[in-house]
Amino acid sequence: MIEIVDIRYCRLGTADLNGAVQFATELIGLELVARENGAAYVRGDDRDHNICYFEGDPADQTLGLEVRTFDALTAAEATLQAAGVETRRGDDDAAAARRCMGFLNFRDPTGNSIDLVVRPFHSGNRYFPSRDAGISEFSHVGLKTTDAPRDEAFWISLFNMRANDWIGTAPLMSFDQVHHRIALFPTDHAGIQHINFQTESLDDIMRSYYFFRDRQVHISFGPGRHATSGAMFLYYEGPDGMVYEYSSGVRMVDETWRPRQLPFTAESFCVWGSRPDIAEFQAD
Ligand SMILES: [Fe+2]
């Protein structure tokens, strides 16, 4: 069993690095940490960075998850290989570019690129946003899946993950007390489906809603409240079609939590009646 201890970063290729940095800093409210070697690192909490944008193909996307030690990384490598999953160890330069001490990369059955990282950098400096969106942390991602039950079985059998609720076949999974850290949404290709930042309150979400409306940022969904996690949310679209989310009030669960099955309907995504303009959230 591979023990994930944290969700660390997304690496996103972009054809327009300046545009990505501008959107991240001026609109999402992230802090530019560094810009080097054709990449830019931004954050919304005390991790070194939450997103690395790099000059490249926008379809080139990787999720970084943390394991505790080098021994755990070696054990994870063996576990994945025994399950028939190809793994690739990163060299020192690639680890430096990920701002961690070591990592390996693999693909889930859909083809999503995943880094398992050891000792990712923590920042000694307080997160200082260029726009105060009220962000408290990078909290979860949606991943695209071409077969949700198959990919759920992959994550649950090899990792310390469990599904805490389902919407249709889409599992909302976690490795800790936060209701979901990775959610799998069915579609026909791999990729990161959305990137979530928690905000301190609903006020932050509503402030951003009006702020974005004034600036013609495409609001994809919300403001609303999820039936599953209970979080209030706002989804919006950034460069390269990436969907970002602010949410506040995500449910914490413990071992007494009983996962629930919700139907794949708009009401399961939003109890307030907002309708998603996000393909993976729409019923056929
Ligand atoms: Fe989300």
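**Exercise 1. Work out how many salt bridges the rule finds across the interface of domain 1 and domain 2, and which side chains meet in a salt bridge.**

Step 1. Start with the rule: a salt bridge is a side-chain nitrogen of Lys or Arg within 4 Å of a carboxyl oxygen of Asp or Glu.

Step 2. Apply the rule across the interface of domain 1 and domain 2, and you get one salt bridge.

Step 3. Now look at Arg 47 and Glu 137: their side chains meet in a salt bridge, at 3.8 Å from N to O.

Before you go on, two notes on the ground rules. This is a predicted model, where local features need pLDDT of at least 70 and side-chain atom pairs count only at pLDDT 80 or more, while totals for chains, interfaces and linings use all residues. Residues are numbered from 1 along each chain as its sequence is written, and side-chain values use heavy atoms, with hydrogens and water left out.

**Exercise 2. Describe how domain 1 and domain 2 sit against each other.**

Step 1. Get the bounds: domain 1 covers 6-118 and domain 2 covers 135-281, with bounds that come from an automatic or database domain assignment.

Step 2. Find the spacing. The C-alpha centres of domain 1 and domain 2 lie 20 Å apart.

Step 3. Count who takes part: 41 residues from domain 1 and 39 residues from domain 2 are in the contact, where contact means heavy atoms within 4.5 Å.

Step 4. Check the area. Domain 1 and domain 2 bury about 2,800 Å² between them, and 73% of that is on carbon and sulfur atoms. Buried area here is the accessible area (1.4 Å probe) that two parts lose on being put together, summed over both.

**Exercise 3. Say which elements supply the side of domain 1 that touches domain 2, and what classes its residues fall into.**

Step 1. Begin with the polar contacts: the rule finds 13 residue pairs across the interface of domain 1 and domain 2, both residues at pLDDT 80 or more. Such a contact is a pair of N or O atoms within 3.5 Å; within protein, one must be able to donate a hydrogen and the other to accept it, and residues adjacent in sequence count only if both atoms are side-chain atoms.

Step 2. List the suppliers. Elements that each give at least two residues to the side of domain 1 that touches domain 2 include β1 (6-14), α1 (17-28), α2 (70-82) and β8 (113-118). Helices (H or I, at least four residues) and strands (E, at least two) are DSSP runs, numbered from the N terminus.

Step 3. Pick out the top supplier: β1 has the largest share of that side, with eight residues.

Step 4. Sort by class, and that side has 22 nonpolar, 12 polar and seven charged residues. Ala, Val, Leu, Ile, Met, Phe, Trp, Tyr, Cys and Pro count as nonpolar, Asp, Glu, Lys and Arg as charged, and the others, Gly among them, as polar.

**Exercise 4. Decide whether Asn 105 is buried or exposed, and find what its side chain reaches.**

Step 1. Asn 105 has a relative accessible area of 8%, so it is buried. The cut-offs are under 20% for buried, over 50% for exposed and partly exposed in between (1.4 Å probe, protein chains only).

Step 2. Follow the side chain of Asn 105 to the backbone oxygen of Ile 114, at 3.2 Å.

Step 3. Leaving aside neighbours within four places in sequence, the contacts of Asn 105 include Thr 62, Glu 86 and Ile 114.
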